[in-house]
Amino acid sequence: MIAPSASTLSPQLPTPQSVPSLRRMDDSSRGPISTLGRAVLNFINYFGQLGILLGEGFESLVKTKPRLHLTMEQIVRIGFGSQVVVIVTGAFTGAVFTAQSYFKFRDFGIESTIGSIVSVSLFRELGPVLTGLMVAGRVGAAMAAEIGTMKVSEQIDALRAMGVHPVDYLAMPRFFAMTISMPLLIAEAVAFGLGASWFVAVLGFGIPSAWFWMHTIDHTNLEDLSYAMTKGLVFGMLIVVISCHQGLSTTNGAVGVGQSTTRAVVFSSLALLVTNFFLTLLLNYIFPMGTIT
Amino acid sequence: MPAPPSAEPAASPFIQIRGLHKSFDSQKVLQGIDLDISRGETLVLVGPSGEGKSVLLKHIIGLLHPDAGSIQFDGTSLCGLSERQLAPLRRRIGYLFQNAALFDSLTVAQNVAFPLIEAGIKNPAEIKSRVQEALEVVELDAHTEKMPINLSGGMRKRVGIARAIVGRPEIILYDEPTAGLDPIVTDVIDHLIKRLQKRYHVTSVVITHDIASVFKIADRIVMLKNGIVYFNGNPDQLRHSPDTFIQDFIAGRSGMTS
């Protein structure tokens, strides 16, 4: 029985296979220009699909009520379920950064200032980026796999057949949960990073605790926290949009679910790293470093 | 073979399909389907595997959109409607998927309650009683708390039927409701389809390969072949058709010898 699964998010959403120009290029020449052209078209097509998903998400935000029960369920999965990953990431990043800084700073006799560099680094870069990457691996993969499995087993078509928009039911609760959880997870990672830093610096290398905290508090301010929270929010949105899109676009059975899961992690991680650079420039303009003492 | 004279009643059709074409890449599946479905009738779709019966069913509920042609549902054209515009129409339709498509994360009772909750019914007692009633019909009322993974293929199919009927839809689309079921349960499902028709005047469109079921439940039979309506008539017309393909199909003759 021919029963090709219905299109991804909505019947209007194009896929590379459904765009005739892309299909023709697959079949025709394999020269470098054609390969480059195909890659560019696929790239544009991909962003088009993300745009459609965002549009549907916005429509859902405006036209439907949030599904609180599903959102809470996702917060538990994303937030509570990521505790071990986030705590270990934050703590060991803080610990190793403290150790590396100490080995260099002691040459200059400024090892007591370690707390300041660790704190600023954790708030501004290491906390958000490393937590983001870990969450992309854990949560993004789970989202893509779960939604992808629902897609290939016609559960998403079943939702649609019952008049339920998959974006309302699957994507939006994850979006809300992620935007709430991610900043909190980053704050937690930074807190455990600082705790581990104190542990290594004070108990391991004998730096006076008072000095450690004085430098940490002196050089950490509200802007650093805003930096971390903003990055957490943006990274959370990136991970959830990319992962849900991968899940909703899944075709080709179990193999397709595997591919979508891998793509969700890879694309989320790359998008996070690239966005981080531009976001850093923008945030540094808004919250410049070194102006407040 | 041209389709014999239609056995459709003269009343305006509940569902009207005209010139429906659908291709997937280079594969032409539907090549100009014209079909009317009247309120309250049980129409059985038959035909060789891969001839687009499920594809046609998915067009009726708007899960697939045609390349060309039109589908009218109770006077409303489905073509060009967005997912959100289709939602109220879809709530009037029950759909049984070929593999049941139960939600893995929900129990049997939660799966069956899903359309009721989504339709805005908030009274837990009403939801519970309607879920119980639907599960009793398919003889699964003792399995409400099981997860779909713990059910056999036949049980999953029956939960899918319960989910399709629980919202008391005006039309139910069954994609192979009795495939994989034992003969007794198949008979139960066949009687259920007829009972829903008699008691609630439910329109049914049923895809099946079970010829015994076809003659038991059909008011009208449509056979798809090569992407078009090859036969459209009542069970007697099918049974007495002079067409050799139809007779071979009914008798299950492949022409092969061992």
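**Chains A and B: the interface and a surface patch**

Reader: Let's start with charges: how many salt bridges does the rule find across the interface of chain B and chain A?
Author: Keep in mind that this is a predicted model. One of the residue pairs to look at is B:Lys58 with A:Glu154, where the closest N and O atoms are 2.8 Å apart. That counts as a salt bridge because the cut-off is 4 Å. For the interface of chain B and chain A, the rule gives a total of 6.

Reader: How much area do chain B and chain A bury between them?
Author: Contacts first: 37 residues of chain B touch 34 residues of chain A. In chain B, the residues losing the most area to chain A are B:Leu63, B:Glu83 and B:Arg84, together 25% of what that side buries. Carbon and sulfur atoms hold 58% of the area buried between the two chains, and the whole comes to about 2,800 Å².

Reader: Over on chain A, is A:Ile44 buried or exposed?
Author: You'll find A:Ile44 in helix H2 (residues 32-63) of chain A. Together with A:Leu36, A:Val40 and A:Leu41, A:Ile44 makes a nonpolar surface patch of about 350 Å². Its relative accessibility is 53%, and the cut-off is over 50%, so A:Ile44 counts as exposed.

Technical notes:
Residues are numbered from 1 along each chain as its sequence is written. Chains are lettered from A and ligands numbered from 1 in the order in which they are written. This is a predicted model: local features need pLDDT of at least 70, side-chain atom pairs count only at pLDDT 80 or more; totals for chains, interfaces and linings use all residues. Side-chain values use heavy atoms; hydrogens and water are left out. Patches are made of residues with over 30% relative accessible area and no salt bridge: like charges are joined within 9 Å, nonpolar side chains (Val, Leu, Ile, Met, Phe, Trp, Tyr) within 5 Å. Accessible areas come from the Shrake-Rupley method with a 1.4 Å probe; for residues, only the protein chains shown count as cover. A salt bridge is a side-chain nitrogen of Lys or Arg within 4 Å of a carboxyl oxygen of Asp or Glu. Helices (H or I, at least four residues) and strands (E, at least two) are DSSP runs, numbered from the N terminus. Buried means under 20% relative accessible area, exposed over 50%, partly exposed in between (1.4 Å probe, protein chains only). Contact means heavy atoms within 4.5 Å. Buried area is the accessible area (1.4 Å probe) that two parts lose on being put together, summed over both.
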